[in-house]
Amino acid sequence: MNFEAQKKETIVLNPAKNMKRRSIPSEIREDPLTGRTARICHFMKLQWEKPDFNALVSGTAETCPFCPEKVMQITPCFPEEILPEGRLTIADMVLFPNIAPYDSLGAVATMGAQHYIPMLDFTADRISGAFRLARDFFQRMAEIDHPESVYHIINWNYMPPAGSSLIHAHLQVFSTSSAPNLMREELEAARRYSRTNGTNYWDDLTAHEISAGQRYLGTIGRTRWFTHYAPMGVAGDVLAVVDDVSTTLALTDDDLDDIAGGLTRLMAGYEKMGIFSFNMNFFTGAEGDDFTRFHLLFSPRTFFNQSLGTPDIGALRNLFNETLCMAFPEEINTMLKSEFE
Ligand SMILES: [Zn+2]
């Protein structure tokens, strides 16, 4: 397993110091599995202003389709051949078809009746409850042998800076036979790795990161947490890998609790940097894909310029799929580690 990095240097003449030469470093890292590159640059203190969420949230409840007085009236239902009861519920959470589908079997799961849940108010129980609701849906799709019941994925866009079109907290839940780009590349690369080396890449990565230590955050149950060597997020990404599990459907209730508990720790850690928004994706194999391990990525989202509303994704990322991270993942690790102790 190779952790490749190309170090680069830029020289500029600084007019504030009589045109003295100034050296600005950057680094291009390669993901050890896929070779995907990630640029570590624009080194700055990871501290942002908290967005004015009160202003953002104000007035949005009146028209919210996910609030309890509307969710059972205006959200769609699945047809009887998919889900005879139309929608699934656990406590105050509701799962129903995604009205803006990007695959044939997509759902949305609300994370409760409360319209706005500030990031630090999420309890592990609420998160794991929503994961269970999604898993119930996945299990039902597996039971009816739906042709899309191959990869079972949960994505979470928390708040508008992360791509959420609504304030009301919800998960994107879908089963698909078409693995999304990065997940597919990882699966293909992990299969090759296993054939070449006779071992599982994720097991090897986990063992390496725990012994190397500089990116390791901690273990909860059988879930291993570390900052990603080649992150996509501007404030790093955190990777969680579950031992012995290759698919979403193989996660136990304890695993879901452990994942939820880890996510609340990450929220607490990133909140201290002034970040209040994030993406989280499940990465799963299909049944029998023993060459991979279930893992998730947590990626904090913020702004390049908050007062202008400039998102943290520009042309480099959008059209080249090349990423920028503004600090070394090993340094970000030290900012998050106390949450895991
Ligand atoms: Zn609402």
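Helices (H or I, at least four residues) and strands (E, at least two) are DSSP runs, numbered from the N terminus. The model shown in these views is predicted: local features need pLDDT of at least 70, side-chain atom pairs count only at pLDDT 80 or more, and totals for chains, interfaces and linings use all residues. Residues are numbered from 1 along each chain as its sequence is written.

**View 1. Gly-163 in the loop between strands E7 and E8.** Strand E7 covers residues 151-158 and strand E8 covers 170-176, with Gly-163 in the loop between them. Gly-163 counts as partly exposed because 15 other C-beta atoms lie within 10 Å; a residue is buried at 20 or more such atoms, exposed at 12 or fewer, and partly exposed in between, with C-beta atoms placed from the backbone. Leaving aside residues up to four places away in sequence, Gly-163 touches Asn-157 and Asn-279, contact meaning that the C-beta atoms, placed from the backbone, lie within 7 Å. Between the C-alpha atoms of Gly-163 and Arg-135, which are 28 residues apart along the chain, the separation is 23 Å.

**View 2. The open sheet of ten strands.** The strand order is E4-E5-E6-E8-E7-E12-E13-E11-E10-E9, and the pairing is antiparallel; two strands pair if DSSP finds at least two bridges between them. Strand E4 (88-90) and strand E9 (216-220) are the edge strands, each pairing on one side only. From one strand to the next, the twist averages 15 degrees; axes are lines fitted to C-alpha atoms, for helices over the stretch in contact, and angles run from 0 to 180 degrees between N-to-C directions. E9 and strand E10 (residues 223-227) run antiparallel and are joined by four bridges. Tyr-216 stands opposite Phe-226 in E10.

**View 3. The largest nonpolar core.** This core has 78 residues, and those with the most contacts inside it are Leu-95, Ala-109, Ala-130, Ala-134 and Val-173. A nonpolar core is a set of buried Ala, Val, Leu, Ile, Met, Phe, Trp, Tyr and Cys residues joined through C-beta atoms within 7 Å. Helix H3 (residues 124-143) provides the largest share of the core, eight residues. Among the residues that Ala-109 touches, not counting those up to four places away in sequence, are Met-93, Leu-95, Ala-130, Leu-133, Ala-134 and Val-173.

**View 4. The open sheet of four strands.** The order here is E1-E2-E3-E16, with mixed pairing. E1 and strand E16 (323-325) stand at the edges with a single partner strand each, so one side of each has no neighbour in the sheet. Neighbouring strands are turned by 30 degrees against each other on average, direction ignored.

**View 5. Strand E2 and its two hairpins.** Strand E2 (residues 20-30) is hardly covered, with one buried residue among its eleven. Ten bridges pair strand E1 (residues 5-14) with E2 in the antiparallel sense, and Glu-9 stands opposite Pro-25 in E2. The hairpin of E1 and E2 has five residues between the strands, and Asn-18 takes a positive phi near 55 degrees there. E2 also runs antiparallel to strand E3 (residues 37-40), joined by four bridges. Glu-30 stands opposite Thr-37 in E3, and Glu-27 stands opposite Ile-40 in E3. In the hairpin of E2 and E3, with six residues between the strands, Gly-35 takes a positive phi near 80 degrees.

How values were computed
Two residues are in contact if their C-beta atoms, placed from the backbone, lie within 7 Å.
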